[in-house]
Amino acid sequence: MDRTDPDTAVPPTLPDDFALLVAVLPPPLQEAVRRLPEAELLEVVMDLGRPPEARLVSRVVRLADAPVEQDALQAVLSRVGEPGGDNRAGIERTLHRVSAIRNRQGRVVGLTLRVGRAIVGTIDMLRDLVDSGKNLLLLGRPGVGKTTKLREVARVLADALGKRVMVVDTSNEIGGDGDIPHPGIGGARRMQVSRPDRQHDVMIEAVENHMPEAIVVDEIGTSAEAAAARTIAERGVQLVATAHGNTLENLVLNPTLSDLVGGVHTVTLSDEEARRRHTQKTVTERKGTPTFDIVVEMVNREEVRVHRDTASAVDRLFAGTEVGGERRRQQGDTVLVDAAPEVVEATPPGGHVPPGTPALGAPRAGPLRIAVHAVSRELLERVLRDLPVEAVVVGRPENAELVLTPRSRANSPRLRRAAERGGARVLIIKRNSATEMRRVLRSELNLLDGVDPEEVRAAVADAQEGIRRVLAEGQPVPLAPRPSRLRRVQQTLVIRNHLEAVSLGSEPRRHLVIYPAGAGVAETSEPEPIDEELPDDAEEAGPEAPHDEEEGSEP
């Protein structure tokens, strides 16, 4: 291949070795497999005492009515060789894989013959990412086509881009069985791994001994391999690898592999910093720089979701906002790209909320929908029977307007994403008790003993209109005079919208003035005092209260 003109280079025709896989099967099964559509066949399954099956893309076909006998399993093994330490064998110079299932005595009682293919053009969706020179991680469940794409990546890097490429091939899936690599990896070189537990050693050896510009690795699955991947990335070598997991969130929550996307740690903020961030004191954050610059979630063989900036995507995940991602689909020879949805970043400390942002705490039509996360639903239902509100308890956070959760579970990425999708507000309770639930809900719903509910609603409406005007116009807005307890309710709404407010005048004409965020008026004017319950009811906007032991049992 002429590497001087990669745009016009045509890949060689890859050999059709499907017949070699069929030839290792027992004669009665060979004809049955040949009648199947070759392009749809994924694997042939032979289990002792059961009829053999062929698994296709969309269905399963029984190949024979007679159950598989031990002689048939041994006949297949004799044609491919005894499986190694990873219980895998192969057919020399092909990409097919034969995996064994053993009983407790080590005898083979089942075989999976998986069809391996080198498909030219399978990375058209990702070609610009491969050309970028950045570290790329393909994420997906087993059987979604990660290895097929990885093989094509190796060929493109070596032949089309002219790079020195080294493939670390643990089970000979990328380059095929035998000492001579399959043509599917093009001019890339291949290092075989003697045992699966030595993959991380071979990864480092490839960098130190063979001066590659790019390294291709399949199935990073241990902490040692994750550490080796970071070492390779820090040495300036482009790294392309795969890992199991459906989404970026799966990888973040996997303690073994989370370092690939920056790692996870919990930090305790000072009171001042917690107030500045409008969050609780204990938060989960990304620990460091991700090993992989780009993460590709493989939805299926024809569709992927691309996170071009792994660090930003992980930070959004921890912040509980929409992670985003660019959707790409392959339809024939055409790649369809759906632009990543606009991701609204969390408002930075002291920053401005975009004009038109709805005020939190606004009245809603119909019964209030409340969900619980890791606290007792029965307790919540009991509390709601005693409160003068029309509310129902729903099962899923994404269907709720309010979600009650203990502090220990409040930073769950899954909860935050579900609440963000449904627009719910997460209320943190200090303990799993009816008293605590009642206190938090009374504050959130502005239920004041001894105060006319109509006066409360009027004060809330006045504050919401003032907040809307400040967000839209960027100018201070004075509110009507209110008693002290109603001014506290108004200031709670102001804080939740990341604005500032001070109380001016003397009773009975004392009133709040709302200012844009960052106006600095709190440093020169005395703010309205807030009672002790406010930081507990709005822990997202204030420091975390002392931690109490949770009472009761989780549902």
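Throughout these views, buried means under 20% relative accessible area, exposed over 50%, and partly exposed in between (1.4 Å probe, protein chains only). Helices (H or I, at least four residues) and strands (E, at least two) are DSSP runs, numbered from the N terminus.

This is a predicted model, where local features need pLDDT of at least 70, side-chain atom pairs count only at pLDDT 80 or more, and totals for chains, interfaces and linings use all residues. Residues are numbered from 1 along each chain as its sequence is written, and side-chain values use heavy atoms, with hydrogens and water left out.

View A. Just after the helix comes G236, with a positive phi of about 80°.

**View B. An open sheet of nine strands.** Read across, the order is β9-β8-β10-β11-β7-β14-β15-β16-β17, and the pairing is mixed. At the edges are β9 (189-192) and β17 (334-338), each pairing on one side only. From one strand to the next, the twist averages 20°. Strands count as paired here if DSSP finds at least two bridges between them. Zoom in on β15 (303-307) and β16 (326-331): they pair in the antiparallel sense over four bridges. V304 has R328 in β16 as its bridge partner.

**View C. Positive phi at M211 and at A374.** M211 is not a glycine, yet its phi is positive, about 50°. M211 belongs to the loop between α6 and β10 and is exposed, with a relative accessible area of 57%. A374, likewise a residue other than glycine, has phi near 70°. Its loop runs between β18 (368-372) and α11 (377-386). A374 is buried, at 12% relative accessible area.

**View D. A cis peptide bond from E507 to P508.** Omega for this bond is near 0°. You'll find P508 in the loop between β23 (500-504) and β24 (511-515).

Key. Axes are lines fitted to C-alpha atoms, for helices over the stretch in contact, and angles run from 0 to 180 degrees between N-to-C directions.
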